[in-house]
Amino acid sequence: MSLKDKCAPAVFAGASFLCAAVTLCVLGFMVMLSLPVLESGMLWKILTDSWSPDHGRFGILAMIAGTFYIASLSLVISFPISLGCSFFMQITHKGIAGRLLKKFVQFMTAIPTVIYGFVGVFLLVPLVRDLFSHGSGMSILTAAIMLGLLISPTMILFFCASFERVPKIYTDAVDSLGATSFQKLLYVVLPQAWPGVLTGLILAFGRAMGDTLVALMLSGNSVMLPTSVLDSARTLTAHIAMIIAADFDSIEFKTIFVSGAVLYLMTGLGIFLARISGRRME
Amino acid sequence: MQNPIKIKIRHLYFYYKTRTILENINIDIHANTITSITGPSGQGKSSFLTILNRLCHNMDGARVDGQVTIDFGNGFEDIFQKNYALPELRKRVGMVFQAPNPLPVSIYKNVTFPLKLAGKKNKDSIREKVKNALEHAFLWDEVKDRLSDDARLLSGGQQQRLCLARSLVLDPQVLLLDEPTSSLDETSVQVIEELLARLKNRCTIIMVSHYMDQVKRVADQQFILRDRQLKPG
Amino acid sequence: MQNPIKIKIRHLYFYYKTRTILENINIDIHANTITSITGPSGQGKSSFLTILNRLCHNMDGARVDGQVTIDFGNGFEDIFQKNYALPELRKRVGMVFQAPNPLPVSIYKNVTFPLKLAGKKNKDSIREKVKNALEHAFLWDEVKDRLSDDARLLSGGQQQRLCLARSLVLDPQVLLLDEPTSSLDETSVQVIEELLARLKNRCTIIMVSHYMDQVKRVADQQFILRDRQLKPG
Amino acid sequence: SELDAFKGEKGVLRIAGGTAHIPVMKEVAKRIMKMNSDIQITIAGGGSGAGIKQVGEGLVDIGNSGRKPTDEEISKYNLSMYKWAIDGVGTVVHPSNPVKALSGEQLKGIYAGKIVNWNELGGEDRPINIYTRDNASGTRDVFWKKALGKGDISEKANFVASNGAMKAAVTNNPYAIGYVSVGYMDETVAPIALDGVIPTLKTVQSGEYMVARGLFSNTKGEYTGLAKKLITYLLSPEGQKIVSDMGFIPVN
Amino acid sequence: MMSQHLPDRLLSVFSWLCALVLTAGVSIIIGFLILKGGRSLNLDLIFADTRPWDAILLKRQVFGGLFPAIAGTFLLILLSVGIALPLGLCAGIYLAEYASSKARNVFGFIVDLLAGIPSIVVGLFGFSITIFLHHFYNSRIYPCLLISALSLAFLVLPYIIKTTQGAIDRIPLLTRLTAPGLGATKLQNVVLVLLPLALSDIVSGVVLAIGRCAEDTAVIMLTGVVATAGVPKSLFSSFEALPFYIYYTASEYTGPAELVKGYGAALILLLICSMLFVFAHLIKRLIDRRAGIMM
Ligand SMILES: Nc1ncnc2c1ncn2[C@@H]1O[C@H](COP(=O)(O)OP(=O)(O)OP(=O)(O)O)[C@@H](O)[C@H]1O
Ligand SMILES: Nc1ncnc2c1ncn2[C@@H]1O[C@H](COP(=O)(O)OP(=O)(O)OP(=O)(O)O)[C@@H](O)[C@H]1O
Ligand SMILES: [Mg+2]
Ligand SMILES: [Mg+2]
Ligand SMILES: O=P([O-])([O-])[O-]
């Protein structure tokens with residue numbers, strides 16, 4: 001064996017180890033840097049208290065709640081639409097119309113996030129403010145609508161892929177027995193593809209949770225526990241973006257590492273669940 | 001051949017993308033007869049069958065031209081019409097595929113599946129129908145104790161008979177069979193052939209087969225598919 | 001069978017995961033002979049061939065046990081040794097797969113691919129070798145004007161001969177052929193058989209075949225693979 | 001001109017911190033870089049807190065702040081402060097808002113979330129949308145201490161990241177209330193008279209309007225090199241002209 | 001026999017509705033941008049009062065134009081992809097060809113995890129590392145272009161790893177065995193057969209990565225992007241970038257003129273991203289068509 005053949009595997013493996021090491025390093029860093037606050041037994045307090053630096057309270061509960069509200073609402077908005085669009089492409093309009101829609105959705109993945117935020121600020125925020133006359137128009141709803149648009153291509157393309165994986169012999173079999181498209185969907189496609197749908201849903205939730213800009217620009221960033229979708233809220237990501245400017249030694253600043261660790265762990269959990277449901281598919 | 005005509009095929013062309021598979025087919029098929037189609041591999045026999053229940057439209061790049069009309073009792077209907085109700089058509093024109101295609105559910109559910117699609121709900125009559133269909137396909141004795149097993153655990157030959165039973169349960173007027181005995185042993189072949197002879201009274205059968213002696217035994221009318229043409233054999 | 005022994009197989013076992021495919025195989029194969037292997041589908045004939053060039057190790061879940069030694073001129077070498085130089089082994093033990101596997105490049109590049117792997121650069125001698133190999137596989141006349149065409153555009157039979165030519169170009173000492181004439185018409189089969197008879201002088205051939213009369217015509221030694229055993233036929 | 005001091009210099013000068021300072025800093029940087037393209041000046045926001053912190057840590061050369069650094073900060077980082085403008089922090093609303101004046105108590109009530117509707121103040125029957133800044137902001141610090149008397153700020157308040165963002169938010173929202181540096185005020189927002197005094201350059205300069213502060217540029221230790229030259233330029237007549245052109249009150 | 005079943009019709013209506021909502025939503029967004037910013041699209045927007053060639057050749061700094069932001073974005077893309085591509089290719093090859101199934105599982109999970117880390121957390125990581133190094137290693141390390149590029153590269157790594165691995169995995173077993181059957185070493189098989197065949201998919205992964213670098217704001221916001229910097233002169237200087245410019249304008253524009261520039265910047269960014277999208281499709285088609293000849 002030549003030297004090249006011997007070195008190559010080491011190089012390839014080295015690259016993988018590097019990637020893995022840095023990935024784990026990120027978590028390590030988040031945890032390590034939040035240790036100073038955690039050691040003083042404040043973890044529980046930080047996770048459950050309200051945020052009011054003027055009064056010495058540095059809880060991120062409102063941000064955790066805000067993250068969940070916004071991500072969940074954006075799923076509630078975009079899940080049915082994504083499902084409908086993937087039905088459109090895979091079941092009801094497989095022809096030219098479906099292919100055009102697919103191209104369009106692929107194109108959507110190329111639209112930068114900041115565009116959604118920018119247009120949201122100048123188009124959607126005034127609209128929401130005037131329509132509901134409640135608050136500044138920067139609200140959970142506003143952010144969730146734009147976020148819904150942002151994550152729908154992820155979901156649609158994932159759903160389509162899992163619909164496509166349903167073996168053709170099954171769909172042909174039910175077709176030949178006289179199933180309508182609705183019956184085909186209900187009895188064969190969805191039962192076969194649901195782990196894929198679930199995986200797509202989880203991944204989209206992670207994407208919605210991890211997005212910074214849309215929430216930062218559209219949700220108003222207030223620090224109360226939201227009670228209605230028209231309230232302003234702050235996500236963990238936006239919290240990090242805002243507090244990064246604070247004094248490095250302050251407790252305030254250190255809570256952003258707790259926020260980072262929480263975000264990391266939540267998306268990590270999502271990925272873990274997605275992989276499990278994905279494995280069930282095979 | 002004194003029976004009335006059931007299926008009229010006129011100027012039928014079939015293409016995959018730019019490739020012509022069938023060219024100007026013109027034949028009649030009479031009610032309550034068995035028509036056999038033989039021919040070399042890859043000539044388009046299976047494709048021909050899928051035209052008759054319009055399943056060919058599920059294939060990428062497939063295109064038909066011409067006219068196929070079938071008399072389901074109310075005069076000849078053009079099955080290529082736009083908006084023709086495909087589910088209805090496929091309930092009346094049953095099909096058994098070349099490769100057995102049980103659904104990934106239990107044996108029982110496989111057989112009742114068409115009934116579910118048709119919206120039949122009466123439990124007792126359903127059980128009756130399942131038993132009948134499985135008996136017809138000579139599968140009842142082998143599976144009656146394991147109806148809740150996954151159908152994919154059956155052997156190839158059993159699967160083939162299961163699919164036959166499944167398409168019998170709706171009492172189709174036309175039955176399309178693609179090499180229905182290819183993975184069966186000799187005794188099973190014999191019973192299936194007897195079944196076909198009896199089924200003739202209830203429906204019109206079109207069957208693809210590779211075995212010339214089988215064809216001679218059961219078919220009323222023979223075609224050979226070669227060079228994009230169906231020639232009487 | 002006065003030729004010296006080329007390949008010694010002792011206590012050979014082969015498994016896919018927990019399933020045993022071959023059990024305690026013990027045979028000798030003599031230099032410059034043609035050995036044929038026949039047997040029902042799915043018994044492990046193809047798997048047996050891949051053991052001899054250790055390509056089986058590229059399959060998920062495949063595992064071998066026992067000993068295979070080959071005499072490449074310097075005494076018998078155990079090919080299952082750890083760190084045995086596989087690329088060298090495979091250059092000496094050529095193989096033509098059951099399904100033709102041209103690379104998605106031009107015909108010419110397919111044939112020169114092994115030379116590229118071996119690091120041969122001399123343009124003229126390469127052209128010469130390509131021509132020789134294609135002539136041996138009786139393909140030269142059909143493709144000499146379209147050497148730069150994509151090899152996947154060839155018909156199945158042409159692809160099969162291309163793959164044969166490709167493995168001849170390196171002058172292997174052992175040649176493994178998996179159903180080398182399955183998609184060929186009668187005249188092509190005949191010329192390939194003649195080629196095999198001539199190749200015998202240059203190498204040792206092990207060939208899987210379904211056609212008993214072919215086996216009778218060309219093989220010096222016959223085995224039947226059934227129930228995990230290779231039995232002399 | 002006074003830019004000649006930069007001739008023959010080269011290098012990078014990093015500036016960060018107070019967002020009130022940005023218009024002046026941008027103009028100064030533009031003039032310097034136009035004159036000598038070997039100099040690169042980068043300007044980031046972040047707020048006064050970030051400015052003090054970053055210059056203290058040595059991450060930037062000049063850290064701007066819209067408040068005086070605390071004694072603790074000064075001693076910890078050995079900061080030198082250079083005050084080059086005087087500025088006020090004024091409450092602003094949308095120009096269409098009929099409410100033009102508030103008492104100190106009313107303002108505190110609004111920010112504490114006790115007065116929630118404009119009709120309680122003689123405006124439209126719409127909820128009041130409060131905007132505020134995060135704790136790193138010097139503007140917030142001054143406003144909180146001098147206008148709100150360290151009173152509560154409602155949790156419902158929307159947060160924005162800079163003086164510019166505050167002005168943009170109020171411009172776009174007819175029911176908003178916020179506070180910006182007086183230098184940022186123009187016709188797109190309406191200043192609110194606090195206890196009868198309208199925040200303008202004049203009232204700030206005269207001391208009549210109480211919510212006032214200086215704009216500082218801070219360096220770690222004595223200023224040196226490019227930082228020194230830039231601050232000197234800022235304090236020169238030409239620099240002070242820029243300061244007043246941008247709507248602030250020059251110190252000299 | 002013309003009836004259509006009610007559930008079928010409902011399904012069709014529902015799917016039409018969803019398709020319409022989606023396309024309408026996105027069209028409104030793009031239409032709004034074009035309506036508001038279309039007129040501002042001209043060379044002045046990019047170069048202001050500087051002559052374009054002077055700016056492009058870096059003879060003069062551009063003040064008040066988008067050129068520094070555009071240049072920053074392109075530099076960022078170039079650097080990040082330049083770092084991520086070799087690393088991602090190697091890791092992808094390792095996962096597809098060399099790793100044991102156990103290692104593949106573990107690394108696969110980690111790569112998924114990496115793909116799921118919110119970009120702001122990656123930014124925070126880059127920021128903390130910088131501060132850490134600044135403190136304990138060399139006080140001349142600041143948030144800068146290089147740090148941003150490294151963080152971004154890390155962010156887009158999984159796209160490249162996963163597409164490379166997926167593309168190689170999809171190559172049929174028979175093709176995968178061809179070269180080894182002819183005596184190729186593992187490396188030869190990878191370099192001469194597998195990579196060329198996977199090229200078309202890898203290109204789409206790279207384009208995804210480029211798109212992500214072009215649009216990401218959260219990472220660079222924490223690691224070195226600033227409001228004004230001019231075209232960066234070295235890897236160690238701060239920089240401007242289009243998406244940050246847009247974000248910055250949206251929240252703190254001082255007047256209508258600046259706002260219009262924001263619209264223009266948004267349009268330009270959208271244009272760049274769409275061009276990348278179209279370009280990727282063209283390249284992919286080209287590669288697919290002449291897959292063989294490339295090898
Ligand atoms: N989906 C498809 N797209 C393109 N070509 C196809 C498709 N399905 C089949 N073909 C081609 O059409 C021809 C006819 O196929 P068909 O399956 O009808 O043959 P057949 O006569 O049933 O053969 P066999 O006896 O082997 O089953 C074949 O050459 C096949 O390669
Ligand atoms: N990669 C694999 N993993 C698991 N099982 C395999 C694999 N490849 C082949 N098999 C199984 O091993 C058995 C032997 O396969 P092999 O291809 O050697 O049969 P064969 O004798 O060549 O059959 P044929 O005549 O049909 O080519 C078959 O039952 C097959 O299903
Ligand atoms: Mg067929
Ligand atoms: Mg085989
Ligand atoms: O000027 P500030 O950004 O610190 O308010």
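Visitor: Why is Ile276(A) called partly exposed?

Guide: This is a predicted model, and in it Ile276(A) has a relative accessible area of 41%. Buried means under 20% and exposed means over 50%, so Ile276(A) at 41% falls in between and counts as partly exposed. Ile276(A) sits in helix H11 of chain A, residues 251–281.

Visitor: What makes Leu269(A), Phe272(A), Leu273(A) and Ile276(A) a patch?

Guide: Patch members need over 30% relative accessible area and no salt bridge, with nonpolar side chains joined within 5 Å. Ile276(A), at 41%, clears the area cut-off. Together the four form a nonpolar surface patch with about 370 Å² of accessible area.

Visitor: And how do you know that residues 256–276 of chain A are helical?

Guide: The span comes out as 100% helix and 0% strand, with its end C-alpha atoms 30 Å apart. The unreviewed UniProt entry annotates residues 256–276 as one of the transmembrane regions of chain A. Another one in that record is residues 12–38, which are also 100% helix, with end C-alpha atoms 38 Å apart.

Visitor: Staying in chain A, is Leu123(A) buried or partly exposed, and how do you know?

Guide: Leu123(A) has 28% relative accessibility. Buried would need under 20% and exposed over 50%, so Leu123(A) is partly exposed. Leu123(A) lies in helix H5 of chain A, residues 113–132.

Visitor: What does Leu123(A) touch, beyond residues up to four places away in sequence?

Guide: Leu123(A) touches Ile28(E) and Phe32(E). Contact means heavy atoms within 4.5 Å. Chains A and E share the most contacts of the six pairs of chains that touch.

Visitor: How do you know that chain B and chain C have no contact?

Guide: No contact joins chains B and C, and their closest C-alpha atoms lie 13 Å apart. Chains C and D don't touch either, and there the nearest C-alpha atoms are 53 Å apart.

Visitor: Is Thr139(D) buried or exposed, and why?

Guide: Buried! Thr139(D) has a relative accessible area of 3%, and the cut-off for buried is under 20%. Thr139(D) belongs to helix H5 of chain D, residues 138–147. Leaving aside neighbours within four places in sequence, its contacts include Val89(D), Asn163(D), Tyr179(D) and Arg213(D).

Visitor: What makes Glu23(B) and Arg228(B) a salt bridge?

Guide: The rule asks for a side-chain nitrogen of Lys or Arg within 4 Å of a carboxyl oxygen of Asp or Glu. Glu23(B) and Arg228(B) have an N to O distance of 3.1 Å, so the pair qualifies. Glu23(B) is in strand S2 of chain B, while Arg228(B) is in the loop between strands S9 and S10, so the bridge ties together parts that are 205 residues apart in sequence.

Visitor: Why are Glu23(B) and Arg228(B) both called partly exposed?

Guide: Glu23(B) has a relative accessible area of 30% and Arg228(B) has 38%.

Visitor: What makes the largest nonpolar core a core, and how many residues does it have?

Guide: Its members are buried nonpolar residues joined through side-chain atoms within 4.5 Å. The set has 287 residues, with Ile41(D), Ile177(D) and Leu230(D) touching the most other members. Helix H4 of chain E, residues 67–98, contributes the largest share, 15 residues. Another core, of 36 residues, lies apart from it and includes Phe14(C) and Tyr84(C).

Visitor: How many helices and strands does chain E have?

Guide: Chain E has 13 helices and zero strands. Of its 295 residues, 62% count as buried, the label for those under 20% relative accessible area.

Methods:
Residues are numbered from 1 along each chain as its sequence is written. Chains are lettered from A and ligands numbered from 1 in the order in which they are written. This is a predicted model: local features need pLDDT of at least 70, side-chain atom pairs count only at pLDDT 80 or more; totals for chains, interfaces and linings use all residues. Side-chain values use heavy atoms; hydrogens and water are left out. UniProt positions are given in the numbering used here, feature names are shortened, and annotations may be inferred rather than shown by experiment. Helices (H or I, at least four residues) and strands (E, at least two) are DSSP runs, numbered from the N terminus. Buried means under 20% relative accessible area, exposed over 50%, partly exposed in between (1.4 Å probe, protein chains only). Patches are made of residues with over 30% relative accessible area and no salt bridge: like charges are joined within 9 Å, nonpolar side chains (Val, Leu, Ile, Met, Phe, Trp, Tyr) within 5 Å. Accessible areas come from the Shrake-Rupley method with a 1.4 Å probe; for residues, only the protein chains shown count as cover.
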